[in-house]
Every structure is written in C-alpha cells, then in structure tokens.
Amino acid sequence: MKFNVQFLSFYVIQVEGKEGQGAKSYKHYQTLDEEEYEHSEIKKFLDGEFTRTAKRKVEKNPNSEQAPTKIGRFLVEPGYDLDSNPNFNQLTRLRAADDVESFHNFGDDLVRSYLDTSAVRGGALIVSQAVLRNHGDDPFVFIMKCDFEPKIARISDERSLISEVEMAISARNMKSIQYPYMLEEGMVEEWELKIHQSSHARYFEDFLKFVTYEQSIPEIVNDHVMEYVQSYVETKWPDESHEERQQTERDLELWAASEKRDIQNKWEPEEVIEAAARIIDIKPEIELKFKIGDTYVKGFLADFGDKIHIASLGDRYALVIEGSSFTFDKGFSPVELLQPESFERLADRLLEKKWSEEDGEPGVE
C-alpha cells in the first residue's frame with residue numbers, strides 16, 4: 001500500500017505559555033506539488049507515514065475508553081446531506097484542490113480553525129493530499145501533527161560539543177487525521193474518518209466539533225448494566241416513593257460512581273447470567289476482570305456461571321474456576337507437581353476452616 005503525494009503544506013505552530021493557554025500563531029513554510037515533494041527532504045521524514053497511518057488498526061467500538069485510534073462519523077441533522085457538515089466541507093475542499101495555490105489557501109483555513117482547539121501545543125502541522133497507487137485518482141487528505149520535542153541536542157563541533165535544536169520534531173508520537181476512512185485497500189467510506197492521537201490531550205476531537213465517535217466497549221457495557229439495574233428496580237418497586245426503592249437507588253448511585261467496587265449481594269446468579277447474556281450478544285469476547293483478596297482474575301464474561309463460579313463462605317468468598325487443563329508460564333513452581341484433591345474434599349476443607357474460625361479456633365490452612 002503506497003501513496004503518491006500530490007500536494008503538501010508545511011506549517012509551524014507557535015504557542016506561548018503552557019498547555020496552549022497563551023497567544024497562538026502559525027507560519028506557513030511551503031506548499032509542494034508532487035514533483036517538488038519527491039525531491040524534498042520532507043519526503044525522507046514522512047517516508048512510510050502515509051502507509052502506516054492508513055494501515056493502523058482501529059475498531060468502531062474500541063476496548064478502551066482512551067483508545068488512541070478512533071473512527072469518526074460526520075454529524076448531520078435529519079434530512080440534511082453531508083455537505084451541511086462544516087468539518088466535511090473543510091476536508092472536502094482540501095481533497096478536491098487541483099493546484100498549489102488552492103491547496104495552500106484551504107490549508108490556511110484549516111490551520112486557523114485548528115488554532116482554536118483547546119490545549120493545542122506548538123509543533124509542525126503537515127497537511128497533504130495523496131492518492132493510493134493502483135486505485136485510481138480518488139484522493140485522501142492526511143493531517144499530521146508533530147509536537148516539539150523538549151531537550152533535543154545535536155553534536156556540533158570539537159569545541160562546543162553539542163548545540164541545542166530549538167524546534168525539533170519527531171514522527172515517533174505523530175498524531176494524524178485520515179479522510180476518508182479506508183475500510184480495506186481501495187474501499188473508502190466518505191461519511192467516516194480516522195484519527196490517531198497518542199497523548200491524553202484530545203486535540204482532534206476538539207478540532208472536529210461536528211464529528212461523533214462510537215462508544216467504547218466499557219461504555220457500552222456500563223450503559224447496559226445501568227439500564228438493566230434501573231429496569232430491575234422499577235419492576236421490583238413500581239412506586240417511586242417507596243422507601244426501599246429510594247434507598248436502593250441511592251446505594252446503586254454510589255456503587256456506580258465508585259472507582260473500586262465490591263460484590264453487592266443483590267441479585268441471584270440466574271439474574272446476573274441473564275443480564276450478562278444481553279451484553280455478550282453485543283461482543284462475545286468481553287472480558288471479566290476482578291480481584292479477590294490479593295489474587296487477580298481475568299477471564300470472559302461469557303464464562304460466568306459456566307466456568308467461573310463465585311460462592312459465599314461465611315463472611316468470605318470462594319472462587320471456583322473450571323477447566324480441562326493447566327498451562328504454566330516459564331519458571332518452575334511446586335504447584336505444577338500437584339495431584340489435585342477432589343472438589344468434594346476441597347469443599348469439606350473450606351467449610352471446616354470456616355467453622356473453626358467461627359468457633360475462634362485457628363483455621364486449617
């Protein structure tokens with residue numbers, strides 16, 4: 001997958017103060033056509049970046065709320081076409097430019113809009129139009145941002161040894177926008193674009209005000225769980241003024257807002273399995289992760305009630321995980337030599353330990 005660059009504009013953004021709170025300005029250095037780009041130093045710097053950007057894996061529903069790479073979709077009011085979206089129009093003008101002057105002017109418009117982005121930082125902004133080789137003349141727009149690298153020095157001469165580089169940039173943490181989004185080689189979706197922003201600052205999401213993004217898997221799961229919880233409460237206590245319902249809603253609100261949560265002891269296993277099934281229908285491989293005591297457990301939500309079981313043991317909990325075999329990592333452990341006892345014997349031992357502790361005797365370890 002190779003791209004031919006048809007036009008490229010190089011800008012430097014200057015920001016006074018920290019986190020983009022000071023005055024902001026930009027300088028246009030040069031706009032190149034295809035031939036000029038091929039013989040330029042910037043080609044060496046960007047070599048492979050267009051392909052890397054286009055091939056970067058992305059999911060519409062990422063596994064993390066803070067996923068660096070996302071697919072965005074242009075927002076339009078019902079009954080209106082794509083050309084009613086300002087972000088679409090801005091990118092389409094760059095995509096349709098057919099001479100250096102037009103591309104430069106449309107690039108200036110984009111950079112001025114970008115300067116209004118909150119927390120924007122200084123660096124190089126590269127705006128380009130490129131076509132995918134062997135797939136016609138349908139162009140793509142790539143917008144790449146390189147922040148200035150702090151404390152960069154280069155070897156100078158024998159006397160001064162090193163000299164400071166004032167405005168060093170690197171492609172290492174390059175942020176990018178690609179429009180249109182390419183589902184697979186040669187197949188594009190004009191309603192969608194792809195963004196990549198590796199830092200915590202959501203520059204491009206602030207910049208693209210009229211673009212929306214699908215929920216992440218954790219967000220989808222959270223929404224479905226809360227919908228199910230609310231439905232459960234309304235069914236059990238139809239009267240909103242019921243004291244127990246109000247207390248339960250307050251408890252659940254505190255539970256949902258907590259970073260670290262404990263077992264709530266509210267639903268039967270069958271109710272939990274039913275709620276989980278609705279979420280599993282969305283994405284079967286959703287993970288289940290929790291900590292019991294000092295032990296971390298990682299599995300799949302679909303395994304709860306089937307291969308993963310949780311039981312109460314007095315004021316403690318017991319976790320049972322089923323499986324047909326074990327796999328140990330490198331490094332020997334005496335546990336690997338174990339001849340497992342029967343489940344019945346284990347259950348008896350745990351109950352004996354519980355009874356001993358309740359009677360004040362030292363438990364069986």
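**View 1. A nonpolar surface patch formed by Phe 326, Phe 328, Val 335 and Leu 338.** Together, these side chains have about 450 Å² of accessible area. Areas come from the Shrake-Rupley method with a 1.4 Å probe, and for residues only the protein chains shown count as cover. Patch members have over 30% relative accessible area and no salt bridge; nonpolar side chains (Val, Leu, Ile, Met, Phe, Trp, Tyr) are joined within 5 Å, like charges within 9 Å. Val 335 sits in the loop between strand 16 (316-321) and helix 10 (343-358). Helices (H or I, at least four residues) and strands (E, at least two) are DSSP runs, numbered from the N terminus. Val 335 is partly exposed, at 48% relative accessible area. Buried means under 20%, exposed over 50%, and partly exposed in between (1.4 Å probe, protein chains only).

The model is predicted: local features need pLDDT of at least 70, side-chain atom pairs count only at pLDDT 80 or more, and totals for chains, interfaces and linings use all residues. Residues are numbered from 1 along each chain as its sequence is written, and side-chain values use heavy atoms, with hydrogens and water left out.

**View 2. The second largest pocket, with a volume of about 1600 Å³.** Its lining counts 37 residues, and Leu 319, Val 320, Ile 321, Leu 346 and Leu 350 lie nearest the centre. Strand 14 (295-300), strand 15 (308-313), strand 16 and helix 10 each give two or more residues to this lining. Helix 10 supplies the largest share, 10 residues. By class, the lining holds 20 nonpolar, 7 polar and 10 charged residues. Here Ala, Val, Leu, Ile, Met, Phe, Trp, Tyr, Cys and Pro count as nonpolar, Asp, Glu, Lys and Arg as charged, and the others, Gly among them, as polar. On a 1 Å grid over the protein atoms alone, a pocket is an open set of points where a 1.4 Å probe fits, with protein on both sides within 12 Å along at least five of seven lines; lining residues have an atom within 4 Å of a point. Points are joined across faces, edges and corners, and the volume is the space filled by probe spheres set on them.

**View 3. The salt bridge between Arg 73 and Glu 192.** The closest N and O atoms are 3.4 Å apart. The pair links distant parts of the chain, 119 residues apart: Arg 73 is in strand 3 (residues 69-74), Glu 192 in strand 11 (residues 192-196). Arg 73 is partly exposed at 35% relative accessible area, whereas Glu 192 is buried at 5%. A salt bridge is a side-chain nitrogen of Lys or Arg within 4 Å of a carboxyl oxygen of Asp or Glu. The structure holds 17 of these bridges.

**View 4. Salt bridges Glu 287 to Lys 289 and Lys 307 to Asp 306.** Glu 287 is partly exposed at 39%; Lys 289 is exposed at 57%. For Lys 307 and Asp 306, the closest N and O atoms are 3.3 Å apart. Lys 307 is partly exposed at 38%, and so is Asp 306, at 43%.

**View 5. Backbone geometry at Pro 180 and Asn 265.** The peptide bond from Tyr 179 to Pro 180 is cis, with omega near -5°. Pro 180 lies in the loop between strand 8 (175-179) and strand 9 (181-184). Asn 265 has a positive phi, near 55°. Its loop runs between helix 8 (243-257) and helix 9 (269-282). Asn 265 is exposed, at 62% relative accessibility.
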